[in-house]
Amino acid sequence: MALRQVGKLTISVISRSGLPPLLCARAISANAGPRERIWNCSKEAKGEIHLNCLKDMLEDGGIQLFDVREPYEVASTGRIPKSINIPLDDIITAFKLSPEEFQTKYGSPKPKVTDENLIFHCQSGRRAQKAVERVQQLGFEKACNFVGGWSEWELYLKHKPKSAHRQIVKEH
């Protein structure tokens, strides 16, 4: 508990320092807990999540990530870990289901309208933005769009540094 209070105090002090908010959020993000990371990410741009925040949120867990591409797209390209595929045309129907029906159909708990970790993505961000708008009409006001979509995630995977095996050099 004390550590969280220190984190909040640090956020307060740094944010008053005159540094750009995005820089402050990134500096704090490394030591923040899941809830603070969501808060920091949501301050980048209202309703938008970017790659670094998505990676942090996936690592922290507790994310509700929905892929609104068609099933054939997901099958042919792959998916972001922990994402659930609900095509854009099915979003309204899916989010109107009862919690039990949603759980049965998608194998995941139905998001609550107050959830702050609800994120949608597609190939490039356009369909995901439409999904966000549709669920916001249903009361999910804090839903966000991963603006880079699968395209940015795939690029990240291709350029992600591979962990190198340590070589032990024996001195003679």
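Predicted model: local features only at pLDDT ≥ 70, side-chain atom pairs only at ≥ 80, totals over all residues.
Local features were taken only where pLDDT is at least 70 and side-chain atom pairs only at pLDDT 80 or more, while totals for chains, interfaces and linings use all residues. Residues are numbered from 1 along each chain as its sequence is written, and side-chain values use heavy atoms, with hydrogens and water left out.

The structure holds 8 aromatic pairs; rings of Phe, Tyr and Trp (its six-membered ring) pair if their centres lie within 6.5 Å, and planes under 30 degrees apart count as stacked, over 60 as edge-to-face and the rest as tilted. In one of these pairs, the ring centres of Phe-66 and Phe-95 are 5.4 Å apart and the planes meet at 75°, so the arrangement is edge-to-face. Because Phe-66 sits in strand E2 (residues 64–67) and Phe-95 in helix H6 (residues 91–96), this pair ties together parts that are 29 residues apart in sequence. Helices (H or I, at least four residues) and strands (E, at least two) are DSSP runs, numbered from the N terminus. Phe-66 and Phe-95 are both buried, where buried means under 20% relative accessible area, exposed over 50% and partly exposed in between (1.4 Å probe, protein chains only).

Phe-95 also pairs with Phe-140: their centres are 5.2 Å apart and their planes at 85°, so this pair is edge-to-face. Phe-140 belongs to the loop between helix H8 (126–137) and strand E5 (144–146), so the pair with Phe-95 of helix H6 links parts that are 45 residues apart in sequence.

Finally, the backbone deserves a look. Most residues other than glycine have a negative phi. Lys-82, although not a glycine, has a positive phi of about 70°. Lys-82 is found in the loop between helix H5 (71–77) and strand E3 (83–85), and is partly exposed because its relative accessibility is 48%. Gly-61, which follows helix H4, also has a positive phi, near 85°.
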